[in-house]
Amino acid sequence: MRANHPIPTRILAESSTVLIDPPFTALDACWICGARALRPVHTAIFELSEYRRQDPELAAYTGATVSVVRCAACGFGQPAALPALPGYFDRMYDQRWSAEWMEREFTLGYKDLIFRTVLHGLGRRTGGEVRARTLLDLGAHVGRLMHLAAAAGWTAEGVELNPATSAYAAKATGLPVHRADAARLSAEGRRYDAVTLVDVLEHIPDPVRMLETARGLVRPGGWIAVKVPHGAVQLRKEELRARLRPGYRPTIADNLVHVNHFTPGSLTLALAKAGFAEAAVGVAAPETLPADAPARARLPGNAARLAAYGLGRIVPGGVHTLLGLHLQAYARNPA
Ligand SMILES: [Zn+2]
């Protein structure tokens, strides 16, 4: 990690640009449990040179590194420091998606199994009959989960801050997509029977605060569904791949795209700290190969993924093995 102490300028030969090493703010306590025994387990690298024109201050982080540390008390993993650049994450996610790319994201269906599993799990918990029940998808992206939720009988809305994807999602689904952050919707008094955070929470620093905000949007007695990568197993998979493939560098957090590396225990604890009850964490459904992949690759590929998912759910402790690459949690806002 290159931290706050002054470091001499360094010269990037390829661009002949002189850069001051970019500043970081150290994090000295676990975001989930507050413990300070944090052990480095991985090194993340910054490579943001594609932003050189759009955002030179952001691009200046290229070449910096930061440790990912694991909490000895709860098992959660997080960065040892965050970029001090104001709005670092908003600036990194300021991607201008093309219309063709968003259309593909919406139609390829590679996350449909995840979305249908989440909707089924929430439907069961909210009484099975989902007619007239309300759902808010936080981080709705192009709106695919909202679309499937509406088809399954939910009254669905989304929150999406990216202007391109939120406009696409509203048009593709015909449903309300809020371009306001979750805290504002909560302050407006909006409440839903179910709130979803699918492949979102791993990107947001200080995740307990985000979960507290999400709980403010769940009506008393309602449910939240959270799907995140299993941090410890993802790292194990990457290290295994590096052992099998010389020259491969394990990567789980480059550019800090993933800041939260949950385990079943630390995700359960995070939900409890945010005020949720009855948390249950298990193996999440996998992504499948996109609809436009050749059938000869797609069919066996998907069969293998489904088999691993099924096995991970029935093998005792499967969630802690390589069968548990992603975690699916449900928890209730106490009445
Ligand atoms: Zn901890």
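Let me start with Cys71, which is buried, with a relative accessible area of 2%. Buried means under 20% relative accessible area, exposed means over 50%, and partly exposed is in between, using a 1.4 Å probe and protein chains only. This is a predicted model, in which local features need pLDDT of at least 70, side-chain atom pairs count only at pLDDT 80 or more, and totals for chains, interfaces and linings use all residues. Residues are numbered from 1 along each chain as its sequence is written, and side-chain values use heavy atoms, with hydrogens and water left out.

What does Cys71 do with its SG atom? Together with the SG atoms of Cys30, Cys33 and Cys74, it coordinates the zinc ion at 2.3 Å. Donors are N, O and S atoms within 2.8 Å of the metal (3.2 Å for Na, K and Ca); water is not among the atoms, so sites may look incomplete. The angles among the four donor atoms run from 100 to 118°, and the site is tetrahedral. For four donors, that word requires all angles to lie between 85 and 135 degrees.

Along the chain, the donors follow the spacing C-x2-C-x37-C-x2-C. Cys33 lies in the loop between strand S3 (24-26) and strand S4 (38-45), and Cys71 in strand S5 (residues 65-71), so the pair ties together parts that are 38 residues apart in sequence. Helices (H or I, at least four residues) and strands (E, at least two) are DSSP runs, numbered from the N terminus. Cys33 is partly exposed, with a relative accessible area of 26%.

Ala35 is in that loop between S3 and S4 as well. Leaving aside neighbours within four places in sequence, Ala35 is in contact with Asp28, Ala29, Cys30, Cys71 and Ala73. Contact means heavy atoms within 4.5 Å. The C-alpha atoms of Ala35 and Lys171 are separated by 45 Å, and these two residues are 136 places apart along the chain.

Next, the sheet that S5 belongs to. Three strands form an open sheet in the order S4-S5-S6, with antiparallel pairing. S4 and strand S6 (77-79) stand at the edges with a single partner strand each, so one side of each is left without a neighbour in the sheet. Two strands pair if DSSP finds at least two bridges between them. S5 and S6 are joined by three bridges, and Val69 has Gln78 in S6 as its bridge partner.

Now to strand S11 (residues 192-198). How many of its residues are buried? Seven of the seven are, so S11 is largely enclosed by the rest of the structure. Strand S8 (residues 134-138) pairs with S11 in the parallel sense over three bridges, and S11 pairs with S12, also parallel, over six bridges. Thr196 is the bridge partner of Asp137, and Thr196 also stands opposite Ala225 in S12.

Asp199 is not a glycine, yet it has a positive phi of about 55°. At 15% relative accessibility, Asp199 counts as buried.

Last, His230, in the loop between strand S12 (218-229) and helix H9 (231-244). Is His230 buried or exposed? His230 is buried, with a relative accessible area of 2%. A polar atom of its side chain lies 3.1 Å from the backbone oxygen of Gly324. Beyond four places in sequence, His230 touches residues including Phe262, Pro264, His320 and Leu327.

Notes:
Four donors count as tetrahedral if all angles lie between 85 and 135 degrees; four count as square planar and six as octahedral if opposite donors are over 155 degrees apart and all others between 65 and 115; anything else is irregular. A polar contact is a pair of N or O atoms within 3.5 Å; within protein, one must be able to donate a hydrogen and the other to accept it, and residues adjacent in sequence count only if both atoms are side-chain atoms.
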